[in-house]
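Subject: Structure for your review

Hello,

Here is the structure I said I would pass on. My notes follow it.

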Amino acid sequence: MFKNYFKIAMRNLVNNRLYSAINIFGLAVGLGACLLLFLFINDETHFDQFWTDADKIYRAESLIQSPGRGPYGQGFTSGKTRSTLLNYFPQEIESATRFHQEYPIIQVGDKVFEEPLYLTDADTADIFDIEVLKGDLKQTLSDNRSIALSKELAIKYYGNIDVLGQVLTIAQNNSKHDYRVGAVYKKLPHNTVISFNALIKINEDDFKDQPWMFDNWASPNTVTYFKLKPNVDISAINSRLVSLVEDNVSVPEYWADQFSEATEFISFSTLPISKIYLSYAGVSNNITIFGSIALLILVIACINFTNLSIAKSTRRAREVAMRKVVGASRKQLIVQFLGETIVIAFIALIVGVALVELALPAYNNFLGRELQIGYRDPFTIVIMLALVLFAGIVGGIYPALILSSFRPAAILKTNKAITASSGFTFSNLLVIFQFIVSISLIICAVVMYAQREHAANMELGFDKDHIVILHGVGRETLIPRQQTIREQLKKLPNINSATYIHMFPATGASRTGTITVTGDKNLTKHIVAFKDIDADYQNTFNVKLLAGRIFNKEIGRDKMPTNEQWENDPGPFESNIIINELAIKQLGLGDKPADALGKILEFPDSKKLYATVVGVFSNINYRTTREAQQPELYMQNTAGAGFLAVRFNGSPIAVEKILKDYWQENITDVPFVRTFVDELVQGQFRGEQRMSFMLAVASSIAVFVACMGLFGLASFTAERRTKEIGLRKVMGANVSDIVKLLVWQFSKPVLIASVAASLLSFFLMAKWLDDFPYRIELWVIIPICFAASLCATLMAWLTIGGNAFKVARARPVKALRTE
Amino acid sequence: MIKLNNLSRTYQTDEVETAALSGVNIEIEQGEFVAIMGPSGCGKSTLLNILGMLDNPSQGQYLFSDEDISNYSEAKLANIRKQNIGFIFQSFNLIEELSVEENIELALLYHNIPTAERKEKVIKVMDKVGIAHRAKHMPNQLSGGQQQRVAVARAVVGNQAIILADEPTGNLDSVHGQEVMEMLRALNEEGTTIIMVTHSAAHAGYARRTINLFDGSVMTENVRAA
């Protein structure tokens, strides 16, 4: 019996070439898109599962409540966490390690590099099975003056990996030390949250002058991982994390008046290493979105199946009738038809896999991954077979039910095929659904693109295209030379001004705190951003002075108290500050800028600071266009600035060369590293850029597959309506009348879908845009909806128009003869 | 009105060339009632299709109102066709999805006639063929005779000068066949030219002239005395 089914299925495939091609290719594209998205999702959900002890490795998390600032910590913990965990859970924890990132200057021979370097503990070698190519990792990390290099870094520095015993110099934390290369290890795969170019041991003695680095509970500077002993459940740890705080942590002195118990300001939790990546912002969101898109594309392809089968069912009616006459049960017929669609789906899968293999290089390039189809991975195989079954059953069930329900007598007696009229409205519904999805995807892709363009090209108030930031100026050796460097730079051609900054613009970085306004009876605490600036800030960032004056180097009150004064003087302190326009309203200092002058702000620390407003700056968007502007307080404080922002004119490439030449001539112990601000701004929206690109590709695929279905459906309908068309022509209809007739039939569902998709996408995108403080106007979505609808309609017309034209142009006698 | 000069129609299938018509010479005057007879496969329907401009001749001349239309494009033919010719088919060829009046209206739909006028003409013609009481019915709710009356109505609603009937009584019983023939005769008496293919000698008797075809050629022409 199955042989007979198979024979019929194959003959049907071959005889209905158009139908088969549309079904197989459309479904192959759908399955291929699904597979690509599956590979991505599979990769995203399998981070850090390759470690031998993956199920025993956890990250300690801390959450610190701080007055005047939101809770912070998350993945970071105090440097004291490791030893405390090991002491508190000797029965449960086998080993624990910390990671702390530094950007030291590394000197190799006469070359200098600024390189991210991880400081860690020797247990890293026990917890993570890192493949060591040369030397001994554990021994290296147990030694205070040894370094482990990745293969890539060894080759960058020395040209080969036979580098054991080589010596390089690392300048960090105001000190310089020689390190001997003790191990070379293989780069970790991309699917892990830990990655490091080079490792050295955390030597706490090197940080004696920075006690907060590893010895302060409120200062989370390290990432702590620990490994459980065999047969220990994590709940044994989790249940005692509160008592761990009670037994080991005390409230820092400077917060003594804020918190009475340590548990009020700090709490710990744990996260399995394999869940860390998924906990990153946006990751699980992306997985949901991409998964849904994959499913939608698959459903669109399945709908082609259903619709073409229904359209074709009139042709199969006689076969069904005859099978019934000779005794086939309805169930057997359903099995037969489902079997056929599953066979087609399987062929489509093979074609789809071939398409995926073709697309993978570009896809990997786009994602920056090395994904491949795991032909021997049971999970992948199961997913592929599940896709085939899903496509076969979802695509085939409705036509199978319809076809098997035909009553043989009706078909055989009337000597003609019945037209399942209900089936045609159902087909229309499915076509409408396909186009709702396709058009919505187009709209979302365009809106996301438009928002990205809008936010990335927004006027930030400081001409982002003409500022470059130089790194390394906060290095110990350069600090005494800062003023000289600035003056020398300003004399270079094309350089306008330069200001020392503590935080990058356009990265979202910000330092916030609370203040009160003197004379405010309610003592309202306002959260404001603090920014340390120098006199050149105004010129460099194009800020306008709206009232008052800028800082003067000669006026003592214009400077903030130094760290030394702050430590030794009991206070209270007095100082002058500048605020931005936004702060006037938020702090209630008056209506116009001049009103704010002379107002006094209080810093409610243990030591009082009274700050008098002497100037008001215009607002600029120093952070990102993702966040709303804040009220800001500017203070003159140049100590500790790590970067120099340089305003220039002319071409960035020429300026880079000028700066680099200057740097290499004058500064030898710190490498030249620069960042252009417009690159930073572009980088901020990489997520949106990637998402809108993925959506654009997905919507193209969806439109393509939907149009293929429409093409098939139109061909079948034209065939079904051949006689009618012939008659209309005999009655005097000309070619354009017939084309209009056929095209209009399929325009209706597309137009209905346009309206539905526009409404749906409008609300969806309006909600998405809500998260952006600076967003495109909502009305912009409306023309986008129109354009997307028009585009889909034109695609549909193009798809069916050719066929309709062909049908319409045929001599009517041909149509009548098919009787 | 119609003049065929040495007209041929061949069909090309794979390697075989079949001549459906060869060297046909026919002249038909306005107001005539002509019957075309002959055995199956002799080229009757091909001749009718060419006369009706549904098909082009392979060779020879087709003069319609002194205009040689044998090489006209489909678009041009469609224009002449819709001004002048009405069709009646053996299998009625009504559109199943359209009601009786909609089927008849179809013949006016492509003539740029205002809706109101169209409705009026349809009602008039339905009265004439006695199908008005079935105006809202669908074709499959009618008997064969009724369906053919709808087809006749559709053929004449546009006041076409010529009606081509391809075995109009072939699917009907004798009573209904008679009815349709009477209708055609009445139309002819009002001045409509009628060209009819038939197998029935009795129905051929309604015509003034009978053309006998055999193997694609005109064998004999009998003219009945008025």
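Ser575(A) is part of strand E19 of chain A, which runs over residues 573-580. Please keep in mind that this is a predicted model. The relative accessible area of Ser575(A) is 0%, so this residue counts as buried, the cut-off being under 20%. Leaving aside residues up to four places away in sequence, Ser575(A) has contacts with Arg557(A), Lys559(A) and Met560(A), and also with Leu609(A), Tyr610(A), Ala611(A) and Thr612(A).

The other item is the interface of chain B and chain A. On the chain B side 25 residues are in contact, and they meet 19 residues of chain A. The area buried between the two chains is about 2,000 Å², and carbon and sulfur atoms give 56% of that area. Within chain B, the most area is lost to chain A by Leu54(B), Glu74(B) and Tyr110(B); together these three residues make up 30% of what the chain B side buries.

As for specific pairs, the count of salt bridges between chain B and chain A is zero. One residue pair is in polar contact across the interface, with both residues at pLDDT 80 or more. Two helices of chain B, H2 (74-84) and H3 (100-109), each supply at least two residues of the side that touches chain A. By residue class, that side of chain B divides into twelve nonpolar, seven charged and six polar residues.

Regards

Conventions:
Residues are numbered from 1 along each chain as its sequence is written. Chains are lettered from A and ligands numbered from 1 in the order in which they are written. This is a predicted model: local features need pLDDT of at least 70, side-chain atom pairs count only at pLDDT 80 or more; totals for chains, interfaces and linings use all residues. Side-chain values use heavy atoms; hydrogens and water are left out. Contact means heavy atoms within 4.5 Å. Buried area is the accessible area (1.4 Å probe) that two parts lose on being put together, summed over both. A salt bridge is a side-chain nitrogen of Lys or Arg within 4 Å of a carboxyl oxygen of Asp or Glu. A polar contact is a pair of N or O atoms within 3.5 Å; within protein, one must be able to donate a hydrogen and the other to accept it, and residues adjacent in sequence count only if both atoms are side-chain atoms. Helices (H or I, at least four residues) and strands (E, at least two) are DSSP runs, numbered from the N terminus. Ala, Val, Leu, Ile, Met, Phe, Trp, Tyr, Cys and Pro count as nonpolar, Asp, Glu, Lys and Arg as charged, and the others, Gly among them, as polar. Buried means under 20% relative accessible area, exposed over 50%, partly exposed in between (1.4 Å probe, protein chains only).
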